[in-house]
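Good morning, colleagues. Please look at the structure on the screen while I speak about its aromatic rings.

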Amino acid sequence: MKLVHISDIHINGEPILGHDSIANFKKCLAYVEAHDHDADRVVITGDLTHYGLEESYRELQVILEASSLKGKLAPRLMIGNHDNREMFASMFAETNRDAAGFVQWTEETPAGLFVYMDTVDQGKHSGRYCQQRMDWLRTVLDGARAKGQRAYLFMHHNPVRVHVANADIIGIIDERALQALLAEYKDTVAHLFFGHCHYTLSGAVCGIPYSAPRSTNHTCWPEFSGEINRMGYGDLAPNYNVCFLNENSTVVHSIDFLEADRVKWRIDTDFNQH
């Protein structure tokens with residue numbers, strides 16, 4: 001199964017740190033349409049807007065309506081800390097919510113069960129995954145385990161410390177409790193997908209591999225000084241990830257879509273020349 005994982009599009013009418021989030025997201029979608037239209041799913045893991053404003057969600061609606069990504073390829077929209085849960089739900093009538101009102105749901109896919117998690121603590125940049133949400137997740141994972149399904153978890157916030165102070169301070173506050181739950185289901189959860197940090201990440205937590213793309217707009221630069229107020233950014237390449245989910249493997253590629261015009265192609269007829 002082929003998955004396109006996009007995150008942190010931050011739709012906003014004004015530039016953010018010198019970058020045009022609307023233009024960049026349009027370029028991202030155009031590249032996906034041209035090169036990854038054979039994907040099985042497209043998922044955007046939150047921070048759909050920069051301020052959670054109605055006009056930003058309306059702009060996102062216009063962009064998605066103009067896109068050729070429809071049906072199974074219509075992007076699955078998740079919320080992040082820059083979003084407003086109620087405003088988002090009021091603008092997107094098809095929003096999936098659990099019994100408690102959180103924007104989280106599951107979906108059957110060729111690779112297994114996709115689990116879309118709501119890690120937003122409204123009004124705060126840090127995330128939460130409270131007991132009510134963990135009870136929901138446990139029920140979902142119990143069901144997947146009983147069916148012998150592989151589960152792929154999607155969330156906005158990083159569920160593990162990434163050793164960058166300004167990211168870790170706004171990660172998931174319930175990190176230890178969530179990790180304890182994940183450890184119980186490492187036989188069922190195949191991969192974790194998240195965003196939030198704005199730089200490419202990969203690793204494992206509780207024996208479960210994870211990956212995260214950069215923002216499609218303002219990429220950040222990871223540094224390890226421990227200074228909470230220090231954030232690196234600049235004219236850096238945004239990206240999205242293309243992931244191949246197979247029974248015995250998960251492969252993740254980072255696509256720097258604004259760099260595509262710089263790529264040169266060579267066609268070899270004799271591979272022995274390499």
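Is F114 buried or exposed? F114 is buried, at a relative accessible area of 0%; buried means under 20% relative accessible area, exposed over 50%, and partly exposed in between, with a 1.4 Å probe and protein chains only. The model is predicted, so local features need pLDDT of at least 70 and side-chain atom pairs count only at pLDDT 80 or more, whereas totals for chains, interfaces and linings use all residues. Residues are numbered from 1 along each chain as its sequence is written, and side-chain values use heavy atoms, with hydrogens and water left out.

Now to the pairs. Rings of Phe, Tyr and Trp (its six-membered ring) pair if their centres lie within 6.5 Å; planes under 30 degrees apart count as stacked, over 60 as edge-to-face, and the rest as tilted. By this rule there are twelve aromatic pairs. F114 and F154 have ring centres 4.8 Å apart and planes at 50°, so this pair is tilted. Because F114 belongs to strand β5 (residues 112-116) and F154 to strand β6 (residues 151-154), the pair ties together parts 40 residues apart in sequence; strands (E, at least two residues) are DSSP runs, numbered from the N terminus. F154 is also buried, with 0% relative accessibility.

A further tilted pair is F194 with Y210, at 5.4 Å centre to centre and 50° between the planes. F194 sits in the loop between β7 (189-193) and β8 (201-205) and Y210 in strand β9 (residues 208-212), so parts 16 residues apart in sequence are tied together. Both F194 and Y210 are buried.

Finally, W105, F114, Y116, Y152, F154 and F193 form one aromatic cluster.

Key: Helix = DSSP H or I, 4+ residues; strand = E, 2+ residues; numbered from the N terminus.
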